[in-house]
Amino acid sequence: AVVSTQSGHYGRDFSDIPLPTEAKLYLAKGTGFVTPRKPDRDRLNYDVREFVRNIAWRAHHNKNREECDDYHTNQQEDFPRSLYIKRTGWSQNLEPGIEELKTELKQFVDQLELSTPPSNLTTVEIRGQNWCKSMVRLGKLIFTKADKGGSVLVMNPRDVDTAISSELSKSDSYNNVVADPNDLPAVMATLR
């Protein structure tokens with residue numbers, strides 16, 4: 001059955017367990033919905049290192065381009081000047097300005113007071129989220145994304161198992177492999 005809420009359509013319910021309104025409101029957010037998480041200091045430090053490395057590489061690249069342009073001023077213009085880049089190895093020794101920037105950014109991240117951002121769910125939606133999580137933990141329901149349309153499917157695990165078993169039992173579609181699954185040559189021989 002197609003299930004709708006006041007905020008709109010969320011998906012199809014194939015289960016025999018009635019969904020509370022809170023769960024419907026939460027599921028209406030869709031499968032791509034993400035709640036905010038507390039920032040990770042290690043991830044922020046990694047981002048700072050990558051940002052500074054990228055700036056240092058660009059500074060090195062532009063510096064060598066100027067040297068390269070000086071070298072090629074009297075050369076025949078077969079290619080655009082931007083293609084004449086001097087090929088030198090890039091040592092990651094940072095220039096003083098970039099080293100300063102790295103230090104300041106690192107200090108900024110270290111002094112940053114990390115707090116969890118406010119939830120983007122209402123209290124009713126949080127109750128619905130908790131209900132959905134408990135049903136999954138108990139093995140009573142499966143929530144998944146539909147192949148098309150982006151809606152949410154609500155199903156009973158036993159119905160899913162039955163459908164999978166039914167499909168796998170079709171002898172015209174699948175072959176039963178009796179060989180040891182760890183013995184790849186034997187499995188391949190069985191499949192031929």
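## A buried aspartate

What does the side chain of Asp13 make a polar contact with? The side chain of Ser15, at 2.6 Å (a polar contact is a pair of N or O atoms within 3.5 Å, one able to donate a hydrogen and the other to accept it). Asp13 itself belongs to strand β2, residues 8–13.

## Model and layout

This is a predicted model, with local features needing pLDDT of at least 70 and side-chain atom pairs pLDDT 80 or more. Residues are numbered from 1 along each chain, and side-chain values use heavy atoms.

The protein has six helices and four strands (DSSP runs: H or I of at least four residues, E of at least two). From the N terminus on, they go β-β-α-α-α-α-β-β-α-α. Of the 192 residues, 21% count as buried.

Strands β3 (142–145) and β4 (152–155) run antiparallel, joined by four bridges; pairing takes at least two DSSP bridges. Phe143 stands opposite Val154 in β4. Six residues lie between the strands, and Gly149 in this hairpin takes a positive phi near 90 degrees.

## A loop tyrosine

Tyr174 lies in the loop between α5 (157–168) and α6 (184–191). Tyr174 counts as partly exposed because its relative accessibility is 42%.

Conventions: Buried < 20%, exposed > 50% of the residue type's maximum accessible area, 1.4 Å probe, protein only.
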